[in-house]
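Dear colleague,

Please find below the structure that I am handing over to you, together with its sequence. My notes on its salt bridges follow.

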Amino acid sequence: MRINLTDNNIGQPDAGTFLRKDVAALFPIADKTVAQLCRENENLLIFPYSIESSDDRIGESSVMSILNTDDSEKVRITTGNVMGFIGVENLQIKIKSRFDVGRDDFLLHYMLQKVLSFNLFDLSHNNEQEDVFDFIMFMFPYFLKAAMRQGVYREYQNFKHNDANLKGTIDIGRHIAKNVPFVGNIAYSTREYSHDNNMTELIRHTIDFMKTKRYGQSVLNVDRETIENVKIIVEHTPLYNKNERSSIISKNLRVKAHPYYTEYRPLQTLCLQILRMEEVKYGESDDEICGILFDGAWLWEEYVNTILRDIGFIHPENKLHKGGIYLFDDHSGIRYPDFYKDDMVLDAKYKRLGSYEKVSMVDRDDVHQVMAYMTTLHVDRGGFIAPLEKKQVKIPTSHLKGRAATLSIFGIEISKTASSYAEFCEKMKGMEKAFVESLNCFIDKS
């Protein structure tokens with residue numbers, strides 16, 4: 001059974017109502033935090049991968065809750081600020097952005113395309129299972145790049161030999177079986193630190209599997225770095241045998257936690273998902289949870305960055321401790337605004353702010369946060385950037401009491417009329433351009 005939901009649907013009383021018996025498999029995971037689900041289920045991926053790096057504490061929130069209704073046979077599923085795909089037993093759940101219209105999840109795909117820098121020109125929704133597979137496959141270059149920047153994965157492997165170049169431990173039984181009468185060869189085993197191992201073989205099998213799928217070849221050729229990474233993996237897996245795919249998958253079912261090759265863990269999980277996507281259900285066992293989820297606030301912020309970076313805004317990186325500002329003279333109290341430059345500070349908000357006429361209607365903590373950044377940076381202009389459900393007639397702006405400073409609500413309109421993904425992309429480009437023009441116009445007038 002497939003279930004389509006929108007993120008943060010708590011305010012939609014008619015959404016997400018199902019027969020209790022149909023969604024019984026979800027009861028054990030309801031109200032569990034994202035962090036807990038990730039700890040308990042190695043095949044569940046969450047973006048950002050380091051939950052602790054998210055300013056929105058996504059790890060402390062739940063993917064979904066299940067509420068009783070007036071009808072004892074029905075329950076309501078409510079969601080948080082998480083989008084993506086999750087599956088357990090025979091249930092496959094798709095959670096799309098609440099700012100999308102209809103059953104298409106164009107916005108989620110589009111933001112990921114912009115943030116992860118892959119090119120997608122078509123998107124079919126005729127087959128839900130195929131759509132999910134395509135979606136997960138598009139993530140492969142991102143994970144592969146992150147892993148390969150740590151070097152090609154190496155680990156100790158046991159190899160069996162039967163030749164005259166003895167350099168390991170003699171295997172008496174195998175030697176007698178293979179070399180009697182003696183013809184000069186010796187059966188022996190070695191333990192070597194090798195690039196050709198279960199991990200790199202899994203990546204190689206994934207690459208070859210993707211080549212046979214729709215979009216697969218295009219994904220593997222998305223840019224020069226991905227092409228080079230694929231070439232390196234192929235070169236370092238000379239023992240590759242396509243008939244050993246099932247064996248390699250089984251050997252990788254336990255996710256590796258290497259102290260140095262940390263980026264290979266999510267890549268391993270993704271490869272398993274790609275290779276096993278043709279199965280009817282996501283998990284290996286009845287109670288196994290599998291999927292890929294995205295923190296909506298994180299994704300919106302990273303998407304906005306693809307626009308603002310081209311007009312001079314700095315986007316601090318909390319995880320890398322880059323671009324932060326200090327609240328105090330002794331270089332303490334470091335903070336990481338979403339975006340700032342010489343004369344302005346902006347905060348990305350994945351919230352419905354488009355209907356607000358006054359900035360005072362924005363959450364008080366959000367207002368206080370931006371005001372603190374403005375004070376520290378000595379700028380007189382601040383604001384929020386949110387998704388818009390309709391075109392912004394004017395930019396809501398409020399003046400701070402006793403100061404020549406303003407706070408405003410800016411927004412990027414989300415297309416509601418596109419009939420195809422390609423058309424959606426074109427409309428979004430126009431709306432991004434309109435956003436930049438309105439922002440620049442506002443700055444020039446201030």
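Lys145 counts as buried, with a relative accessibility of 11%. This residue forms a salt bridge with Asp223, and the closest N and O atoms are 2.4 Å apart. The two partners come from distant parts of the chain, 78 residues apart: Lys145 belongs to helix H4 (residues 140-148), whereas Asp223 sits in the loop between helix H7 (216-220) and helix H8 (224-235). Asp223 is partly exposed, at a relative accessible area of 22%. Please note that the model is a predicted one.

In total, the structure holds 16 salt bridges. Another of them pairs Arg352 with Glu389, with 2.4 Å between the closest N and O atoms. Arg352 is located in the loop between strand S15 (344-348) and helix H12 (364-377), and Glu389 in the loop between strand S16 (381-388) and strand S17 (397-399), so this pair ties together parts that lie 37 residues apart in sequence. Both residues are partly exposed: the relative accessible area is 32% for Arg352 and 41% for Glu389.

A further salt bridge joins Lys427 and Glu423, whose closest N and O atoms are 3.9 Å apart. These residues are separated by about one helical turn, because they lie 4 residues apart in helix H13 (residues 421-445). Lys427 is partly exposed, with a relative accessible area of 28%, and Glu423 is likewise partly exposed, at 29%.

With kind regards

Key
Residues numbered from 1 in each chain as written. Predicted model: local features only at pLDDT ≥ 70, side-chain atom pairs only at ≥ 80, totals over all residues. Heavy atoms only, no water. Salt bridge = Lys/Arg side-chain N within 4 Å of Asp/Glu carboxyl O. Helix = DSSP H or I, 4+ residues; strand = E, 2+ residues; numbered from the N terminus. Buried < 20%, exposed > 50% of the residue type's maximum accessible area, 1.4 Å probe, protein only.
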